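Please read the numbered points with the sequence and structure at hand.

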Amino acid sequence: MAIHELFAYLHVKNAAAAIDFYTKAFGAKETLRLADASGRIGHAQLDFGGTTLMLSEEFPERGIAGPKPGAPASVTIHLHVDNADQTIDRALAAGATLETPPRDQFYGERSGCIRDPFGHRWNIGHHLQPVTPAEMQRRYLELRGAK
């Protein structure tokens, strides 16, 4: 078996508003939208600098729902950018909520977390320095209080 690609596929309460948010917050470009006669978006695709994000409306009748407001996140999307601070500020200006301010991380990245207006959690970061897996493990244990 060969795997060729992996796509994140988000479900949201208002897909048109989500497309607008992702365009404003992250500079994504809409490449495809399939809607029924009522305008309900059954499938859309956004280009995030060469990576495709898929999304659709909620379809409760088919067991498809977006995140519940205020519920813990079961998934975090990691968005790697040139400048995490600027991207987080842009997302906040577009309507996101700050969960964790950006800071330098033990794994060699500066990152922070936001929650988009549709309940999805995003970790937004940029590269600071290369860190070997062994050094990352050492730093992780140190961070967790282990010797």
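1. The model is predicted, not experimental in origin. The comments that follow should be read accordingly.

2. Helix α2 comprises residues 84-93, and its buried residues are A84, T87, I88 and A91. Viewed down the axis of α2, these buried residues fall within an arc of 100°, so they line one face of the helix. Q86 and A93, on the other side of α2, are exposed.

3. What lies over the buried residues of α2? The cover includes helix α1 (15-26) together with the strands β6 (97-104), β7 (109-115) and β8 (121-127).

4. At its start, a side-chain oxygen of N83 comes to within 3.1 Å of the backbone nitrogen of D85. After the helix comes G95, which has a positive phi, near 120°.

5. The structure contains 12 aromatic pairs. In one of them, F21 and F118, the ring centres are 6.2 Å apart and the planes stand at 70°; because planes over 60 degrees apart count as edge-to-face, the pair is assigned to that class. F21 belongs to helix α1 and F118 to the loop between β7 and β8, so this pair ties together parts that are 97 residues apart in sequence.

6. Are the two partners of this pair buried or exposed? F21 has a relative accessibility of 3% and therefore counts as buried. F118, at 16%, also counts as buried, because the cut-off for that class is under 20% relative accessible area.

7. A further aromatic pair is formed by Y22 and W122, with 5.6 Å from centre to centre and 55° between the planes; this pair is tilted. The pair links distant parts of the chain, since Y22 lies in helix α1 and W122 in strand β8, 100 residues apart. Y22 is buried, its relative accessible area being 0%, and W122 is buried with a value of 1%.

8. Which residues make up the aromatic cluster that includes F21 and Y22? The members of this one cluster are F21, Y22, F26, F48, F118 and W122. The cluster thus holds both partners of the edge-to-face pair F21 and F118 and both partners of the tilted pair Y22 and W122.

Conventions. Residues are numbered from 1 along each chain as its sequence is written. This is a predicted model: local features need pLDDT of at least 70, side-chain atom pairs count only at pLDDT 80 or more; totals for chains, interfaces and linings use all residues. Side-chain values use heavy atoms; hydrogens and water are left out. Buried means under 20% relative accessible area, exposed over 50%, partly exposed in between (1.4 Å probe, protein chains only). Helices (H or I, at least four residues) and strands (E, at least two) are DSSP runs, numbered from the N terminus. The arc is that of the directions from the helix axis to the C-beta atoms. Contact means heavy atoms within 4.5 Å. A polar contact is a pair of N or O atoms within 3.5 Å; within protein, one must be able to donate a hydrogen and the other to accept it, and residues adjacent in sequence count only if both atoms are side-chain atoms. Rings of Phe, Tyr and Trp (its six-membered ring) pair if their centres lie within 6.5 Å; planes under 30 degrees apart count as stacked, over 60 as edge-to-face and the rest as tilted.
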